[in-house]
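The sequence and the structure come first.

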Amino acid sequence: MSVVRTAKAAYAFRFDATRSRYFYYRTISLFSGHGEHGRDVRRSDPISVSSFEFVMDRIGEPFMWVQSDDDLAAWGSRYSWMLTPAPYAETRLAGLLEKRVCVKSPIGLFWDVGIRGRAASRRIPRAVRQRVLTRDKNRCIGCGSDGGELTMDHVIPFSRGGETTEGNLVSLCQRCNQSDGNQHHPHLFALAGLHHGWDPDLLKTALTSETKSYAVMLSQNILVSRVRLNESWMGPPWSALDAVSTRALSDVATSGGARS
Ligand SMILES: [Zn+2]
């Protein structure tokens, strides 16, 4: 693969899956605006190429430069991050650069509400509530009480953009929930046995304190989104991406995000 470094700043994308004519991807988003319900309005931002190279090297993630349609096809079949300079991204991948309204997942990722669907609503579906109660053994995870009615608490508050999923909900008695207020109490993740802090899919190398710290840093700046496949911006390479979609699809599905 020819690698021609033409830029100090570039957009970064990782191909996740194609499904129902949608292209799912991760990208780095550094800045945000504020939307309703504490949600972030995010978009892909150009990032420092040298910093990105450094972090990818530390966490063992491969990436490649994409500056042409031929590069794009090769990237899809390799299933990795890509860096693309602004002129190519803005002309051929413009759909990936649009603003997205996001909910925040427990592992720190920003998810496009278009993917997250019901997770972007405050209302807790009965089935989700039941699974949370079962996981928490029908007790308050704060004080252990099993008397009285248990409430569902968003660990990352809904009013701060936290999503409504099992990964962000815990069982609390009314007293513990009231003292909880509108704060983010990450220790509740640990009490409920929930993973918190970084996208486990980022780490291809052994988990050490160093790799973990980079994975955490990167996770706080990842936007997960999708865009409808469109011949005008994806063109022929789309068939190459389709070939690896089955493998990548499980990532999206287990995150609870994919809907057909
Ligand atoms: Zn309690």
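## Terms and basis

A residue is called buried if 20 or more other C-beta atoms lie within 10 Å of its own, exposed if 12 or fewer do, and partly exposed in between, with C-beta atoms placed from the backbone. This is a predicted model, in which local features need pLDDT of at least 70, side-chain atom pairs count only at pLDDT 80 or more, and totals for chains, interfaces and linings use all residues. Residues are numbered from 1 along each chain as its sequence is written.

## Overall make-up

The protein has 10 helices and 12 strands. Helices (H or I, at least four residues) and strands (E, at least two) are DSSP runs, numbered from the N terminus. Of its 260 residues, 40% count as buried.

Two residues are in contact if their C-beta atoms, placed from the backbone, lie within 7 Å. Among contacts with a separation of 6 or more, 68% join residues 24 or more positions apart.

## Helix 1 against helix 8

Helix 1 (residues 49-59) packs on helix 8 (residues 209-219) at an angle of about 130°, and the two axes are 9 Å apart. The axes are lines fitted to C-alpha atoms, for helices over the stretch in contact, and angles run from 0 to 180 degrees between N-to-C directions. Helix 1 and helix 8 are therefore oblique to each other. On this scale, angles under 35 degrees are roughly parallel, over 145 roughly antiparallel, 65 to 115 roughly perpendicular, and the rest oblique.

Which residues make the contact? Helix 1 contributes Val55, Arg58 and Ile59, while helix 8 contributes Glu210, Thr211, Tyr214, Ala215 and Leu218. By class, the contact of helix 1 with helix 8 has 5 nonpolar, 1 polar and 2 charged residues. Here Ala, Val, Leu, Ile, Met, Phe, Trp, Tyr, Cys and Pro count as nonpolar, Asp, Glu, Lys and Arg as charged, and the others, Gly among them, as polar.

## The two sides of helix 8

The buried residues of helix 8 are Tyr214, Ala215, Leu218 and Ser219. Seen down the helix axis, these buried residues fall within an arc of 135°, so they line one face of helix 8. The arc is that of the directions from the helix axis to the C-beta atoms. An α-helix has 3.6 residues a turn, so residues three or four places apart point the same way.

The buried residues of helix 8 pack against helix 1 and strand 12 (222-228). On the other side of helix 8, Ser209 and Glu210 are exposed.

## Strand 9

Phe110 lies in strand 9 (residues 110-112). Is Phe110 buried or exposed? Phe110 counts as buried because 28 C-beta neighbours lie inside 10 Å. Leaving aside neighbours within four places in sequence, Phe110 is in contact with Ser29, Asp40, Arg42, Cys102, Lys104, Ile222, Leu223 and Val224. Phe110 and Gln220 are 110 residues apart in sequence, yet 7.8 Å apart in space, C-alpha to C-alpha.

Asp112 is also placed in strand 9. With 19 C-beta neighbours inside 10 Å, Asp112 counts as partly exposed. Not counting residues up to four places away in sequence, Asp112 touches Arg100, Cys102, Val224, Ser225 and Arg226. Its C-alpha atom is separated by 9.1 Å from that of Val41, 71 residues away along the chain.

## Loop residues

Leu97 lies in the loop between helix 3 (86-92) and strand 8 (100-104). Leu97 counts as partly exposed, with 17 C-beta neighbours inside 10 Å. Leu97 and Ser44 are 53 residues apart in sequence and 5.5 Å apart in space, C-alpha to C-alpha. Leaving out residues up to four places away in sequence, Leu97 touches Arg43, Ser44, Ala89 and Glu90.

His37, in the loop between strand 3 (32-34) and strand 4 (40-42), has phi near 60°, a positive value in a residue other than glycine. His37 is partly exposed, with 17 other C-beta atoms within 10 Å. Asn138, in the loop between helix 5 (126-135) and strand 10 (150-154), has phi near 55°, which is positive in a residue other than glycine. Asn138 is exposed, with 10 other C-beta atoms within 10 Å.
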